[in-house]
Every structure is written in structure tokens, then in C-alpha cells.
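Please examine the sequence and the three-dimensional model shown below. The paragraphs that follow lead through selected features of the structure.

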Amino acid sequence: MNALGARIVRLIEGQGPLSVAQYMTLALHDPREGYYTAHTPFGRTGDFITAPEISQMFGELIGLWAAECWHAQGAPAPARLMELGPGRGTLMKDALRAIARAAPEFAKALDVVLIETSPALCDVQRETLRDAGVPIEWKSGIDAALADRALFVIANEFFDALPIRQYVKTETGWPERMVVVDNNALAFALAPVAATLDVPQTRGEADEGAVYEVSPSGTALAEELAQMIAGHGGAALIVDYGHEGIGFGDTLQAVKAHKFAKVLEAPGEADLSAHVDFAGLASAVARGGARAYGPLAQGAFLERLGLRERAAQLAKANPTESNSIKAAAARLMGADEMGTLFKALAILPETAPAPPGF
Ligand code: SAH
């Protein structure tokens, strides 16, 4: 067991079992050895690759999506572009370049706020965005003060990293799945007390052993974004892998070096994530007083935003890279790649025109 694992064992021995959410928070964000604290995880040499790292087209199209929403709402100035969990800063760099070229008035009205917990990734983002040409500020979390103007929010592969809690159907109810110590190692076990749980009817009958997941921080955040956008105008785009909230299942996964790993084996060394429950997010958006569009499959969304045309244009300008550009487009849109598993959900004020693509 690694050092963080040994510390978690001692914590559980001293204070009792952890919820899956508490375990995820420690494994991902421990200030010394958490996954996002100690690693820069993306890219071919990292543990996984994200859409903006596959191709510049992804960030460009999303930047233009935000610019179109801004125009459709009467071009409010000043406006703010905010990204949650910007990773290496690649998406924002590509978005700002496309905005500067195609929507310079939007660029002029903008400042940028990046929400990032990892100091190492903040450094990478600072480097990537050195010549961005707009004022950029870093924050470790969102707060209401950020919404003193129209707010355009981008979150790619952010919600899947937010902690989830899991409940398992048994004869007596829905006890919570916990992380305990067994034989000096971390293990899953059910909490002794069966919690009563309000499981949405849309999920149908649960068989014994069915797993029900909730992401309290994800839904709280979606509701807060909805309130901000309802109050001051703007739009949010959430892109992530996930389901539409029908059915049950354990979706917690660990990924290391592009392969699945064991969730409890080496905390801090693998990325932990879970499928995003888009139906849950959409309900939270409604509670926050805004309108949710989608979820829409990433492939269909990018196609409608013009990814094919952009790929053809790029290939024409860079004939030697034409094959890799085509491959990148196929990877982002293909049904057996990221095209269907990944989905887009948008949040807009009730009164605003529908966003492009939806
Ligand atoms: N959007 C990027 C990176 C996705 S990985 C891309 O598409 O490439 C998740 C990102 O969210 C990382 O930057 C991670 O450090 C950050 N992150 C994870 N949990 C966070 C939290 N609770 N608050 C702020 N940032 C968080």
C-alpha cells in the first residue's frame, strides 16, 4: 500500500468508515499526495486524454458557441468567461484564439476566471495562457461574487471528477457503500444502518445489489450555476461522459496509464471518476431557476457546431496533417469513441434564445 493509502487506513481506524465521496476527495485532492495535487494527468504520457488534448477544434468550437450565446443575448458588456477544471488550459487557449478571430467584440468585453484546485495545474495553465491577451484570474472554487455580470461557463470532464455517494439495495433498504479497513487493506462494505432513501421512480424497480449513485456536490454546483445565469444572463456548457439517469449501476472507476485500475488499491495514483447523472443535473438547473438543454450526444453536438467543416478547412491548410486531423475528428465524434458516451448539457436563462447545437 502507498503512503496515502496508509494514512487513509489510520484515519478510518481512528474515525470510522468513509463514504465513497470522502474517499474520492482524499484520493483526488489530498494536499500532499492527492491525484490532482501530485500529477499533471493528461496526454499521451499521462493517464488519460481529454477532448481538447485530442484536437484544437474542440476548444475553438466551444469558444464560438459561447460567443454566439453572448450575441444572442444582446452582447452584454462586461461579460465573464469561466472554466471549471481547465486541466492544461488547452481548451481555453483554443477558445480564446477562435473568439479573438471570429468575435473580437466578445473578446473585448471579457475577463476570464479559471476554477482550479491543483497548484501544479494552475502553473501549467499560466504557462499555456501566457499570451492570452485577456485578464485571467484563478480561484479554487466558485462563489456568488463571480456572477456580477453575464457569465459564460465551460466545464469539460469536470463533473465526472466530483465525489459521489453510493447506496446499495438490500432486503432491508438502501445502506450506503462505505470504505473500511479489512485485513489492513482498504475494502468496500455496507454501512450497518440501512438508510431510507428517496430513489427517483424514473429508475424503475431495483433488484437486490443495485447501486444508486448521487453527486451532492455536482447537483449543488449545477443549481448554483443556474441561479447565477438566471440572475445575470449568460450560458453554461457541461460536457462529460455519463448517462441520462435511467437505471442503476456502479460507475466509479479508476484509470491509470490509459487502463482501468482498482479503485482502492493505490489512492492518489489513479484518476477516479464516475458517470455524470445528466437527469440529476437538469433537475438541479430547474430548481435554480434556469433552463437546461440536452443532454445531447457529443458527436451530434460537434457536428451541428460545424466540426466536419472545420476539420476540412484545417486539413486543407495543413495537407501533411490531413490524416491526423481526420482521425481526431473521428475520435471526437465517432459513436464507438467519444461521440455517444460523452454528452453536452447547456444552462441558459429561461428567456434567452436556444443555444447553438441544441
Ligand atoms: N477540462 C480539462 C481537464 C479535465 S480533468 C480537459 O478537458 O482537459 C479535471 C480538472 O478539474 C482538473 O483540472 C482538476 O484539477 C480539476 N478539478 C477536479 N476537481 C476539482 C474541484 N473540486 N474544484 C476545482 N477543480 C477541480
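Threonine 219 is partly exposed, with a relative accessible area of 22%; by this scale, buried means under 20%, exposed means over 50%, and partly exposed lies in between, with a 1.4 Å probe and protein chains only. Threonine 219 belongs to helix α9, residues 216-232. Helices (H or I, at least four residues) and strands (E, at least two) are DSSP runs, numbered from the N terminus. Apart from neighbours within four places in sequence, threonine 219 is in contact with Gly280, Leu281, Ala284 and Arg287, where contact means heavy atoms within 4.5 Å. Glycine 280 is 61 residues away along the chain, and its C-alpha atom is separated from that of threonine 219 by 6.7 Å.

This is a predicted model, in which local features need pLDDT of at least 70 and side-chain atom pairs count only at pLDDT 80 or more, while totals for chains, interfaces and linings use all residues. Residues are numbered from 1 along each chain as its sequence is written, and side-chain values use heavy atoms, with hydrogens and water left out.

The packing of helices comes next. Two packed helices are described by the angle between their axes and the distance between the axes. The axes of helix α5 (residues 56-72) and helix α6 (residues 90-102) come within 7 Å and cross at roughly 55 degrees; axes are lines fitted to C-alpha atoms, for helices over the stretch in contact, and angles run from 0 to 180 degrees between N-to-C directions. Helix α5 is therefore oblique to α6, since angles under 35 degrees count as roughly parallel, over 145 as roughly antiparallel, 65 to 115 as roughly perpendicular and the rest as oblique. Residues of α5 in this contact include Phe58 and Ile62, and those of α6 include Leu91 and Ile99. Helix α5 also meets helix α12 (residues 307-317): their axes come within 11 Å and cross at roughly 125 degrees. This angle makes α5 oblique to α12. Among the residues in that contact are Met57 and Leu61 of α5 and Leu307 and Leu314 of α12.

How many aromatic pairs does the structure hold? There are 10 aromatic pairs; rings of Phe, Tyr and Trp (its six-membered ring) pair if their centres lie within 6.5 Å, and planes under 30 degrees apart count as stacked, over 60 as edge-to-face and the rest as tilted. One of them joins tryptophan 174 and tyrosine 212 edge-to-face, at 6.1 Å centre to centre and with 65 degrees between the planes. This pair links distant parts of the chain, 38 residues apart: tryptophan 174 is in the loop between β6 (165-168) and β7 (177-182), and tyrosine 212 is in strand β9 (residues 211-214). Tryptophan 174 is buried, with a relative accessible area of 9%, and tyrosine 212 is buried at 7%. Ring pairs also link Trp70, Phe106 and Phe152 into a cluster.

The backbone supplies the last topic. Most residues other than glycine have a negative phi, and most peptide bonds are trans. Glutamate 157, although not a glycine, has a positive phi of about 50 degrees; this residue is buried, with a relative accessible area of 16%. Asparagine 183 is not a glycine either and has a positive phi of about 55 degrees, but asparagine 183 is exposed, at 75% relative accessibility. The peptide bond from alanine 77 to proline 78 is cis, with omega near -5 degrees, and proline 78 is in the loop between α5 and β2 (79-84).
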